[in-house]
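Welcome, and please open your viewer. We will go from stop to stop, selecting a few residues at a time.

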Number of protein chains: 2
Amino acid sequence: MSDLRRLEIIPVPGLPEIKPGDDLAGMIIDACTAPADPPIGLQEHDVLVVSQKVVSKAENKLVKVDPTDPNAHKPLVLEESVRVVRRRGELIISETKHGFVCASAGIDRSNMAPDIAALLPDDSDRSARRIRDAVAGRQGVNVGIVVADTFGRPWRRGLTDIALGCAGVLPILDLRGTDDAVGRELHVTEVCLVDELAGAAELVRGKSNGIAVAIIRGVDPAWFGPGSVREDIIRDPSEDLFR
Amino acid sequence: MSDLRRLEIIPVPGLPEIKPGDDLAGMIIDACTAPADPPIGLQEHDVLVVSQKVVSKAENKLVKVDPTDPNAHKPLVLEESVRVVRRRGELIISETKHGFVCASAGIDRSNMAPDIAALLPDDSDRSARRIRDAVAGRQGVNVGIVVADTFGRPWRRGLTDIALGCAGVLPILDLRGTDDAVGRELHVTEVCLVDELAGAAELVRGKSNGIAVAIIRGVDPAWFGPGSVREDIIRDPSEDLFR
């Protein structure tokens, strides 16, 4: 974050409908490298933000539900949760077995066949690593992967995309100990890089256009490194003031 | 969000140190239109994301504090708040008089002289409107403005930038009633556009590089319209499950 690079957010069209067992990484590579005007391609230090939905489909995290009942997935919400945090009417905010605090345990039925509900991937960091490894192995480029989903926030209306999992890119950019622009040491400066990348990608992925992948191009190579959403971003209940 | 536009996130260097009473809008216009390689400029439907810090400085929301006491601004936190939501040790999460729920009432001392603390602007939506009106009046272009600050989240580590105020750009993109990619009506699809724009801009603004303004270029003209953070994003306490 110290130089003046411009970033580009590039929607990747052409990903086919994903089915359980599909080679998602291969299909993403194909979509990125397909002829296009302008061409997209895959470049060193690109960050690919991938919708949770297509990951869940490829990993067969799909459950049959009664297509005539809009609440048919509700029992699944409790099955996927380890604790209910708040409940009001139909709305359930819970801590999922993966550690996320969100509505409906992240289960959703939009952009799905009416008789199918998609659960969250078992381990979205692992899902991200698999895609990253496949891109490195097949294309020879070092990319970051963020698996993104859409969550609400307690005190602000509207939803934003956040990272469920990541690979290759630092989850948190820790600027503590560096100096600010006037030479004072920065104190509280842990930037949640992958959540900002997920939100930025949503600006071109959208909800209604079927674009499941976006590339963020031009990011600082210093943002690449180890870490996972589970280890680095999910707040431990012991430091939580709101659970 | 229905077409395949690429977005560009452009850092704007060259903004001088802002002092109380400065013509912030004019200085932002000058920084955007100064000779640069590549040139930046101001284009129709650009969204300018402006750091709260420079707005607070221009609007003289500055308070003298004891430079030797790192907690000297703490009494200000309570003065700026209407209710304390959570407190643990030095950490105070409160609802500010502006309606935000955040740590330290948004008061911060980073990137400031040691004897100065900056409070939040009185009305960040109004601050955004002023900049927007100045750009329209002086440059003849219709831009969106987001005044951004860095907030934490209850269940996720790390901070992200969010919108304190906005003008010209829709705070929430309401996709309810539109169809998703498989023709089903979308249900919960209120995207908090300005928060995602703020977070995207942070990726180039950073905390340590002194870049207070970024342009997001290429956004859908359909995202332009009325609204404010105060009216459209701040959740009413009556619908709040976590206050």
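Which residues have the most contacts inside the largest nonpolar core? Select Val49, Val50 and Val146 in chain A, then Val49, Val50 and Val146 in chain B: these have the most contacts inside that core, which has 141 residues. Keep in mind that this is a predicted model.

Stay with Val50(B) and show its surroundings. Leaving aside residues up to four places away in sequence, Val50(B) touches Ile28(B), Val55(B), Ile131(B), Ile145(B), Val147(B), Ala148(B), Ala212(B) and Val213(B).

Next, select residues 193-205 of chain A, which form helix α5(A). The helix has 13 residues and spans 18 Å from its first C-alpha to its last, close to the 18 Å expected at 1.5 Å a residue. How many of its residues are buried? The count is 13 of 13, so α5(A) is mostly covered.

To see where they meet, colour Glu196, Gly199, Ala200, Glu202 and Leu203 in both α5(A) and α5(B).

For the last stop, pick Pro154(A), in the loop between β8 (144-151) and β9 (160-167) of chain A. Is Pro154(A) buried or partly exposed? With 19 other C-beta atoms within 10 Å, Pro154(A) is partly exposed; buried would take 20 or more. Across in chain B, Pro154(A) touches Pro154(B), Asp240(B), Leu241(B) and Phe242(B). Finally, draw a C-alpha to C-alpha distance from Pro154(A) to Arg235(A): they are 81 residues apart in sequence and 15 Å apart in space.

Definitions and conventions. Residues numbered from 1 in each chain as written. Chains lettered and ligands numbered in written order. Predicted model: local features only at pLDDT ≥ 70, side-chain atom pairs only at ≥ 80, totals over all residues. Core = buried A, V, L, I, M, F, W, Y, C linked by C-beta atoms within 7 Å. Buried ≥ 20, exposed ≤ 12 C-beta atoms within 10 Å, placed from the backbone. Contact = placed C-beta atoms within 7 Å. Helix = DSSP H or I, 4+ residues; strand = E, 2+ residues; numbered from the N terminus. Expected span 1.5 Å × (residues − 1).
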